[in-house]
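Visitor: Could you walk me through this one? I'd like to start with the ligand.

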Amino acid sequence: MKFFVDTAEVDEIRALNETGMLDGVTTNPSLIAKSGRDFKEAVAEICEVVDGPVSAEVAATDYETMSKEAKVLAKIADNIAVKVPLTVDGLKVCRELRAQGTMVNVTLCFSANQALLAAKAGASFISPFIGRLDDINLEGSDLIADIRTIYDNFDFDTEILAASIRSVNHVSQAALIGADVATVPSSVLWKLYEHPLTDKGLAAFVKDWKSTGQSIL
Ligand code: G3P
């Protein structure tokens, strides 16, 4: 499973990129607003930091304007994935961009039928929002499983990009089901490394090695 980080904070992206675990980045208008930065400048900088796909979302909701915005975003860098909402106009733009060879991430997906429509529109990625379904007492991971089944039934190339991830459990659930990608807040990505028994075991190894008085170097 590929790991994308869900942020527009370049420093967070640089730090994670140094671990070698990072396969891409997703942003959205809320994350851009939170960063306080110029949208196109921030996205251009992110595209220089990581080699993998960088999702940059259109702001409009009508076909004509989304189509114009998408063309501007696609020109920022070769690794841009234009993000469009899962609407009638959003999927029309998706078809148009895919015909031009531009990566498209269809976002705000909350049902299997929506994901089916996105795959038929040729989406590169579909972003089902796990956390927001959990927030209303639905099981977000069930949606990932349903999409996995449907995409495998019809051999769709669209990659399932599990989004709205709030915990390390969401990451393992997505991986167990077979999501292709998880886009994860940086705080949660760093937590993936952590386990108290690893810390305890390592401390014991260090202590016991020290007692030997030896050095490897
Ligand atoms: O990429 C979508 C993600 O940023 C949404 O997360 O926590 O706002 O539901 P959240």
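Visitor: Where does the ligand sit?

Guide: The ligand sits in the largest pocket. A pocket is an open set of points on a 1 Å grid over the protein atoms alone, with protein on both sides within 12 Å along at least five of seven lines; a molecule sits in one if more than half of its atoms lie within 2 Å of its grid points. This is a predicted model, where local features need pLDDT of at least 70, side-chain atom pairs count only at pLDDT 80 or more, and totals for chains, interfaces and linings use all residues. Residues are numbered from 1 along each chain as its sequence is written, and side-chain values use heavy atoms, with hydrogens and water left out.

Visitor: Which residues surround the ligand?

Guide: Asp6, Asn28, Lys83, Phe129, Arg132, Ser164 and Arg166, each with a heavy atom within 4 Å of it.

Visitor: How far is the side chain of Asp6 from an oxygen atom of the ligand?

Guide: An N or O atom of the Asp6 side chain is 2.4 Å from a ligand oxygen. For Arg132, a polar side-chain atom lies 2.6 Å from a ligand oxygen, and for Asn28 the value is 2.9 Å.

Visitor: Switching to Thr7: buried or exposed?

Guide: Thr7 is buried, at a relative accessible area of 5%; buried means under 20%, with a 1.4 Å probe and protein chains only.

Visitor: And what does the side chain of Thr7 reach?

Guide: The backbone nitrogen of Glu9, at 3.0 Å.

Note on methods
Polar contact = N/O pair within 3.5 Å; in protein donor to acceptor, adjacent residues only side chain to side chain. 1 Å grid on protein atoms, 1.4 Å probe; cavity = no way out; pocket = protein on both sides within 12 Å on 5 of 7 lines; lining within 4 Å. Buried < 20%, exposed > 50% of the residue type's maximum accessible area, 1.4 Å probe, protein only.
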